[in-house]
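Start with the sequence and the model below.

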Amino acid sequence: MVSGAETLWNGPEGEAQLLLAARNVSAMAQNFRRAGFEITIADFVTDSSLDVYRQGLPDCFVVHLRISIAGAQERARTRRVYLTDDEFDLLHRMVASPPDVDLVVDVEGLTPDQQLRQIRDAWTAA
C-alpha cells in the first residue's frame, strides 16, 4: 500500500495519512486472517501508527529493524532513490529510538536470511 500525497515531514496531514493507512492495512489484514492467511505487514512505524496497529491487530508481533545511518546509506546506494538525502536522514532519526515494539533486530551486517531467521525464531517463541 502506498501512502497519500503528504509525507511525515509535511506536518499534520502527513501524520493523518500515515494513521489512515495503518487503519486500512489493519482492516485488510483482519480480512485476510479470517480467510486463513498468515499476515506480514512492512511499514514505517511511529508511536502513533503503532497504537493503530495494536488496536486493529491486538495480537500482532511488531519488529523494528535497526541499522546505523551509515549502514542504511550504504544499502540505499544499491537501490532506487525515492527520498532526498534530508528526507532519508529525517526518517532515520525518527526511528533512532524505536516505538515500544516486540522485537528490535540490529540488521547491521546481517544478510536478509540471517535477519529472517532472527525474526522467525522470536516470532515462533512469542
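The buried residues of α1 are covered in part by α2 (47-56). The model is predicted. On the α1 side, the buried residues are G14, Q17, L18, L19, A22, V25, S26 and A29.

Helix α1 itself spans residues 12-34, 23 residues in total. From first C-alpha to last, α1 reaches 33 Å, close to the 33 Å expected at 1.5 Å a residue. After α1 comes G36, with a positive phi near 95°.

**How the two helices pack**

Two packed helices are described by the angle between their axes and the distance between the axes. Here are those values for this pair.

The crossing of α1 past α2 is right-handed. From α1, the contact draws on E15, L18, L19, A22, R23, V25, S26 and Q30. From α2, it draws on S48, S49, V52, Y53 and G56. By class, this contact has 6 nonpolar, 5 polar and 2 charged residues.

**The loop between them**

Is T46 buried or exposed? T46 sits in the loop between α1 and α2. Its relative accessibility is 12%. Buried means under 20%, so T46 counts as buried. Leaving aside residues up to four places away in sequence, T46 touches L8, E15, L18, M94 and P99. Of these, E15 and L18 also belong to the α1 side of the contact with α2.

Terms used
Residues are numbered from 1 along each chain as its sequence is written. This is a predicted model: local features need pLDDT of at least 70, side-chain atom pairs count only at pLDDT 80 or more; totals for chains, interfaces and linings use all residues. Side-chain values use heavy atoms; hydrogens and water are left out. Helices (H or I, at least four residues) and strands (E, at least two) are DSSP runs, numbered from the N terminus. The expected span of a helix is 1.5 Å times one less than its number of residues. Buried means under 20% relative accessible area, exposed over 50%, partly exposed in between (1.4 Å probe, protein chains only). Contact means heavy atoms within 4.5 Å. A crossing is left-handed if the near helix is turned anticlockwise from the far one by less than a right angle, and right-handed if clockwise. Ala, Val, Leu, Ile, Met, Phe, Trp, Tyr, Cys and Pro count as nonpolar, Asp, Glu, Lys and Arg as charged, and the others, Gly among them, as polar.
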